[in-house]
Amino acid sequence: MANLNCIKAVLAEKGIMSKWLAKTLQKDPATVSKWCNNHAQPDLYTLVRIAEVLDVDIHRLICHTKDSER
């Protein structure tokens, strides 16, 4: 699966562990790990919540491909 989200990169930039994100969102740490490794994707509502708790624009959580830059 292609890298659709950049959650892992944003967490690293902010020095935040995925376990903290899981606890904050009340999600299973395994689920957040799957999002971070792009084995699964959060739904749109959850992506909005992630952006809120990380205090970033939601666009920072979505990986951009070369095709989408046109």
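Biologist: Which residues in α2 meet which residues in α4?

Modeller: This is a predicted model, and in it W20, L21, T24 and L25 of α2 meet R49, I50, V53 and L54 of α4.

Biologist: What describes two packed helices?

Modeller: The angle between their axes and the distance between those axes describe two packed helices. In the present case, the axes of α2 and α4 come within 11 Å and cross at roughly 115°. Angles of 65 to 115 degrees count as roughly perpendicular, and α2 and α4 are therefore roughly perpendicular to each other. The crossing in which α2 passes α4 is right-handed.

Biologist: At what angle do the axes of α2 and α3 cross?

Modeller: Those axes cross at roughly 120° and come within 9 Å. That angle makes α2 oblique to α3. The crossing of α2 and α3 is right-handed. On the α2 side, S18, L21, A22 and L25 take part, and they meet P29, V32, W35 and C36 in α3.

Biologist: Which residues are buried in α2?

Modeller: L21, A22 and L25 are buried in α2. They lie on the same side of α2, because the arc they cover around the axis is only 100°. The face turned away from that buried side carries K19 and K23, which are exposed.

Biologist: What do the buried residues of α2 pack against?

Modeller: The buried residues of α2 pack against α1, α3 and α4.

Biologist: What follows α2?

Modeller: Q26 follows α2, and its phi is positive, near 55°.

Biologist: Which residues of helix α3 are buried?

Modeller: Helix α3 runs over residues 29-36, and V32, W35 and C36 are buried in it. They cover an arc of only 100° around the axis, so they are on the same side of α3. Their cover includes α1 (7-14), α2 (18-25) and α4 (44-54).

Biologist: Next, the two ends of α3. What does a side-chain oxygen of D28 reach at the start of α3?

Modeller: A side-chain oxygen of D28 reaches to within 2.7 Å of the backbone nitrogen of A30.

Biologist: Now a single residue. In which helix is T46 found, and what does T46 touch beyond four places away in sequence?

Modeller: T46 is found in helix α4. Not counting residues up to four places away in sequence, T46 touches K27 and W35. W35 is one of the buried residues of α3.

Biologist: Is T46 buried or exposed?

Modeller: The test is relative accessible area, and buried means under 20%. T46 has 5%, so it is buried.

Biologist: In which helix is V10 found, and how does V10 count in terms of relative accessibility?

Modeller: V10 is found in helix α1. Its relative accessibility is 2%, so V10 counts as buried.

Biologist: With which residues is V10 in contact, leaving aside its neighbours within four places in sequence?

Modeller: V10 is in contact with L54, V56, R60 and L61. For R60 there is also a sequence and a space separation to read: V10 and R60 are 50 residues apart in sequence, while their C-alpha atoms are 7.5 Å apart in space. L54, another of the residues in contact with V10, is also among the α4 residues that meet α2.

Definitions and conventions. Residues numbered from 1 in each chain as written. Predicted model: local features only at pLDDT ≥ 70, side-chain atom pairs only at ≥ 80, totals over all residues. Heavy atoms only, no water. Buried < 20%, exposed > 50% of the residue type's maximum accessible area, 1.4 Å probe, protein only. Arc of directions from axis to C-beta. Contact = heavy atoms within 4.5 Å. Polar contact = N/O pair within 3.5 Å; in protein donor to acceptor, adjacent residues only side chain to side chain. Axes fitted to C-alpha atoms, helices over the stretch in contact; angles between N-to-C directions. Parallel < 35°, antiparallel > 145°, perpendicular 65-115°, else oblique. Left-handed = near helix turned anticlockwise from the far one by under 90°.
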